Amino acid sequence: MGAAGSKLEKALGDQFPEGERYFGLENFGNTCYCNSVLQALYFCVPFREQLLEYYANNKNPGDPEENLLTCLADLFTQISSQKKKTGVIAPKRFVQRVKKENELFRSYMHQDAHEFLNFLLNELVDILEKESRAAAAKNSPETSSPPEKTANGPKSSQVNGVHREPLVTWVHKNFQGILTNETRCLRCETVTARDETFLDLSLDIEQNSSITSCLKNFSSTETLNAEDKFFCDKCCSLQEAQKRMKIKKPPQILVIHLKRFKYIEQLSRYKKLSYRVVFPLELKLSNTVEDADSEYSLFAVVVHVGSGPNHGHYVSLVKSHNHWLFFDDENVEMIDESAVQTFFGSAQEYTSNTDHGYILFYERVGTTTMSTTSSSQT
């Protein structure tokens, strides 16, 4: 990337952010799904800082064998400590580790970037929780059993009859939000609420829509009747009810996955929806339980390029120090902010434009960024 790298440096000139590094990632045969997500996570500054701090506190020759967390921390440290401002890094150890940990990613087939992101974040959480429990067991004579897990994070558990709070790692502090599932019995008006955690939100999409309308649909009220009646504990019987999902606690980093791949029964296969879905640079999350409005700023987009789910390519758009950059494996270039709009999708069903926003990364603004020093151990 010599010429491209120098072109990028020239484009930024004396505006090149001090201490920042813009490195492309080598593709090892259909590993663009991995590269695009890694770039988005690298430019998620709170996550990067805490990962680098974790690496600084835990790099020890006597440490046990490497895992996905140490490989990721090592990769991010390699990038951030480069003498050159631009270039290419080969994330070989990390990719090998991913393939070792999950057979889904061992083939050279086209993989799903969202599945990879989910796997990675949950794996990092598992490793941090194990390390935290091991440290606690070392410092305490009483051994404790692990908390029961949910798909996106831990549940609290009971040990010897004592209620234990779930472990909250710095991955949770960045990405985890809480949804509340409210069901209101239409006979006695009793509201039953159940909370669940999430690391990202998967939204159904419609043609010529926006993230705001997709979020409204996500929180829309559904009536449960006929065969879908709700068992009300107060009425002690099945009753008609209204159900809706609300965001109880918005996360620091809001990750939105657009469900662009839909199973079509008539075709007996998945089809890519090229729908135009507008994602704004600034997003207000209304209708949340904790706050009237939570404001977010877009800082990364993972883009799927291609007409179907089983083939194609992934690239990423990243905002860094008020500049937008385009990452396509080894290649990195500057783009205008207005270019982000070209990845909204198409207003027509059949189009030659197949570059569509797939995973959106928003950072919460107007709140104090959590201290990295308070969470170095978990």
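**Exercise 1. Which residues of helix 5 are buried, and what do they pack against?**

Start with the list: in helix 5, burial is found for Phe 94, Val 95, Arg 97, Val 98 and Lys 99. Buried here means under 20% relative accessible area, while exposed is over 50% and partly exposed lies in between, with a 1.4 Å probe and protein chains only. Helices are DSSP runs of H or I with at least four residues, strands are runs of E with at least two, and both are numbered from the N terminus.

A ground rule before going on: this is a predicted model, so local features need pLDDT of at least 70 and side-chain atom pairs count only at pLDDT 80 or more, whereas totals for chains, interfaces and linings use all residues. Residues are numbered from 1 along each chain as its sequence is written, and side-chain values use heavy atoms, with hydrogens and water left out.

Next, the neighbours. The buried residues of helix 5 pack against helix 2, helix 4 (68-80) and helix 6, where contact means heavy atoms within 4.5 Å.

Now pick a residue in one of those partners. Asp 74 sits in helix 4 and, at 14% relative accessibility, counts as buried. Skip its neighbours within four places in sequence, and Asp 74 touches Tyr 55 and Arg 93.

**Exercise 2. How far can you trust the chain, and where is pLDDT under 50?**

Take the whole chain to begin with. The average pLDDT (the predictor's confidence in each residue, from 0 to 100) is 87, and 86% of the residues score at least 70.

Finally, sketch the overall build: eight helices and 24 strands. Of the chain's 378 residues, 46% are buried. Among contacts with a separation of 6 or more, 67% join residues 24 or more positions apart.

**Exercise 3. How are the rings of Phe 105 and Phe 119 arranged, and which parts of the chain does the pair tie together?**

First, the count: searching the whole structure turns up 19 aromatic pairs. Rings of Phe, Tyr and Trp (its six-membered ring) pair if their centres lie within 6.5 Å; planes under 30 degrees apart are stacked, over 60 edge-to-face, and the rest tilted.

Second, the geometry. The ring centres of Phe 105 and Phe 119 are 5.7 Å apart and the planes meet at 45°, so you'd call the pair tilted.

Third, the location. Phe 105 is in the loop between helix 5 (92-101) and helix 6 (113-139), and Phe 119 is in helix 6, so the pair ties together parts 14 residues apart in sequence. Phe 105 is buried at 1% relative accessibility, and Phe 119 is buried too, at 13%.

Ring pairs link Phe 16, Tyr 22, Tyr 42, Phe 43, Phe 47, Tyr 54, Phe 76, Trp 170, Phe 175 and Phe 327.

**Exercise 4. Which residues line the largest cavity, and which element supplies the largest share?**

Begin with what counts. On a 1 Å grid over the protein atoms alone, a cavity is a set of points where a 1.4 Å probe fits but cannot get out, and lining residues have an atom within 4 Å of a point. Points are joined across faces, edges and corners, and the volume is the space filled by probe spheres set on them.

That gives one cavity of 30 Å³ or more, and the largest has a volume of about 50 Å³.

Helix 2 (32-42), strand 21 (313-320) and strand 22 (323-328) each supply at least two lining residues, and helix 2 gives the largest share, four.

Follow Phe 327 a bit further. Gly 24 lies 6.7 Å from Phe 327, C-alpha to C-alpha, though they are 303 residues apart in sequence. Gly 24 belongs to strand 1 (residues 22-25) and is buried, with 0% relative accessible area.

**Exercise 5. What is the phi of His 321, and where does this residue lie?**

Recall the background: most residues other than glycine have a negative phi. His 321 has a positive phi of about 50° although it isn't a glycine, and its place is the loop between strand 21 and strand 22. Asn 322 lies in the loop between strand 21 and strand 22, with a positive phi near 70°.

To finish, check accessibility: His 321 is partly exposed at 46%, while Asn 322 is exposed at 68%.

Note on methods
On a 1 Å grid over the protein atoms alone, a cavity is a set of points where a 1.4 Å probe fits but cannot get out, and a pocket is an open set with protein on both sides within 12 Å along at least five of seven lines; lining residues have an atom within 4 Å of a point.
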